[in-house]
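Subject: Structure handover

Hello,

Please find the structure below. My notes on it follow, written for someone who has not seen it before.

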Amino acid sequence: MAGTYQKKILITGGAGFIGSHVVRRFVQEYPNYLIYNLDKLTYAGNLENLKDIETSPSYRFEKGDICDSDLVSELFHQMQFDGVIHLAAESHVDRSIENPLEFIQTNIIGTVSLLNAARENWKGKESGKLFYHISTDEVYGSLGDTGLFTETTPYDPRSPYSASKASSDHFVRAYENTYGIPAIISNCSNNYGPNHVPEKLIPLFINNIKNNQSLPVYGDGKYTRDWLYVIDHAMAIDLIFHKGKPGGTYNIGGFNEWKNIDLIQLLCKIMDEKLGREKGTSEKLITYITDRPGHDRRYAIDSTKISQELGWKPSVNFEEGLEKTVDWYLANEEWLQHVTSGNYQKYYDKMYLHRS
Ligand code: NAD
Ligand code: TYD
């Protein structure tokens with residue numbers, strides 16, 4: 001491909017929840033970049049997420065598996081990428097408890113396959129290149145009632161998902177140290193927003209409230225997460241990609257901690273209003289069920305570094321973001337129907353039926 005682009009960037013997992021927002025942002029903000037989206041289109045990958053930008057001249061999509069090292073190596077050779085933003089992953093903790101091997105395959109082997117291709121292709125010309133690995137705050141483990149995860153908090157992953165992400169982070173650092181690949185890692189808190197498959201807490205509960213289905217709250221409902229609007233994460237990724245220091249780690253979070261049950265009550269209130277239902281209707285759907293095994297009690301991110309070094313801060317507060325998210329799901333009935341048809345019901349029945 002002719003080198004008419006200012007930069008050529010490989011984005012992996014660009015058809016997924018966060019990836020699609022990152023792809024859209026880069027295609028729209030940087031028309032001089034070639035944006036190459038490599039995605040296997042698992043249950044979580046959905047090209048409908050990118051309908052509005054799919055015909056942009058600077059955008060390419062390829063369906064492929066990051067674990068396919070021949071494919072990945074050939075792609076690097078052919079495209080001569082300047083940078084990688086690596087989001088492709090298996091991302092749901094509950095699925096990792098059911099099937100850890102799939103997480104090891106994609107999250108660890110897949111990451112190493114990409115690192116190998118970067119290593120071969122960038123050898124001797126590493127300057128100006130960047131391997132940007134998108135990770136999670138879950139690698140730091142679980143907090144008690146106080147404290148925040150900083151960039152120097154020791155890794156202490158506790159689920160198969162977080163262990164696979166922690167391992168991939170270590171491989172990124174190992175390749176940086178051993179082979180001189182310029183790399184950055186960011187560790188973000190829980191995201192929410194449009195285009196999220198209804199298996200994670202917020203989209204699942206929106207969908208269930210809409211359908212008058214029970215709201216399965218794990219354990220005592222007092223588990224705490226730090227929530228960030230997905231578009232603010234995409235903005236942080238853009239900043240870090242362009243201005244972050246190679247070798248660095250950036251924690252991204254909204255200083256926005258919610259106990260699950262408080263969040264669910266707020267969501268119920270918003271849904272009652274939006275659906276024109278009597279106050280208190282949705283809350284009646286709350287059902288406490290058996291806890292997730294090994295459930296991490298609390299995550300909370302200290303994002304001082306990215307705010308001081310790069311001037312990033314979230315653009316929407318939680319109430320506003322949650323309302324926008326609800327509006328999006330109610331306005332995108334067809335998207336929701338496509339995502340919840342097929343294997344979705346089988347997954348739902350397996351995870352939630354007979355669990356009280
Ligand atoms: P997602 O599950 O919605 O999307 C993952 C995407 O990766 C999908 O498009 C899927 O098709 C693709 N994919 C999966 N396996 C692949 C493979 N072997 N080859 C190529 N493509 C493959 O995930 P998400 O929530 O958008 O998360 C994206 C990244 O951000 C992940 O690395 C995740 O660990 C990280 N992260 C997520 C959150 C969150 O709250 N969702 C928070 C922090 C970090
Ligand atoms: P989730 O969205 O799966 O994200 P993560 O486990 O990566 O933080 O879950 C967020 C919180 O909500 C977590 O404490 C588990 C809880 N939860 C429920 O109570 N019920 C559910 O059906 C789901 C999916 C999650």
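Helices (H or I, at least four residues) and strands (E, at least two) are taken here as DSSP runs, numbered from the N terminus. This is a predicted model, in which local features need pLDDT of at least 70, side-chain atom pairs count only at pLDDT 80 or more, and totals for chains, interfaces and linings use all residues. Residues are numbered from 1 along each chain as its sequence is written, chains are lettered from A and ligands numbered from 1 in the order in which they are written, and side-chain values use heavy atoms, with hydrogens and water left out.

Ligand 1

The shell around ligand 1 draws at least two residues from each of helix H1 (17-29), strand S5 (130-136), helix H5 (160-179) and strand S7 (190-192). S5 gives the most, with three residues. In total 28 residues surround ligand 1, and the closest are Ile18, Asp39, Ser91, Tyr161 and Lys165. A residue is counted as near a molecule or strand if one of its heavy atoms lies within 4 Å of it. By class, the shell around ligand 1 has twelve nonpolar, twelve polar and four charged residues. Here Ala, Val, Leu, Ile, Met, Phe, Trp, Tyr, Cys and Pro count as nonpolar, Asp, Glu, Lys and Arg as charged, and the others, Gly among them, as polar.

A polar contact is a pair of N or O atoms within 3.5 Å; within protein, one must be able to donate a hydrogen and the other to accept it, and residues adjacent in sequence count only if both atoms are side-chain atoms. Threonine 106 has a polar side-chain atom 3.2 Å from a nitrogen atom of ligand 1. Taken alone, ligand 1 exposes 840 Å², of which the protein buries 97% (Shrake-Rupley method, 1.4 Å probe; for residues, only the protein chains shown count as cover).

Ligand 2

Around ligand 2 there are 20 residues, and the closest are Glu138, Arg225, Arg292, His295 and Tyr352. Helix H3 (93-98), helix H6 (201-210) and strand S8 (215-218) each supply at least two residues of this shell. The shell around ligand 2 divides into ten nonpolar, four polar and six charged residues.

A polar backbone atom of proline 216 is 2.7 Å from a nitrogen atom of ligand 2. Oxygen atoms of ligand 2 lie 2.9 Å from an N or O atom in the side chain of asparagine 260 and 2.6 Å from a polar side-chain atom of tyrosine 352. Ligand 2 taken alone exposes 510 Å², and the protein buries 98% of that.

Sheets

Two strands are said to pair if DSSP finds at least two bridges between them. Seven strands form an open sheet with parallel pairing, in the order S3-S2-S1-S4-S5-S6-S10. Its edge strands, each pairing on one side only, are strand S3 (59-63) and strand S10 (249-252). Within this sheet, strand S1 (residues 7-12) and strand S2 (residues 33-39) run parallel and are joined by six bridges. Isoleucine 11 has asparagine 37 as its bridge partner in S2.

An open sheet of three strands has the order S7-S9-S11 and mixed pairing. Its edge strands are S7 and strand S11 (257-259).

Regards
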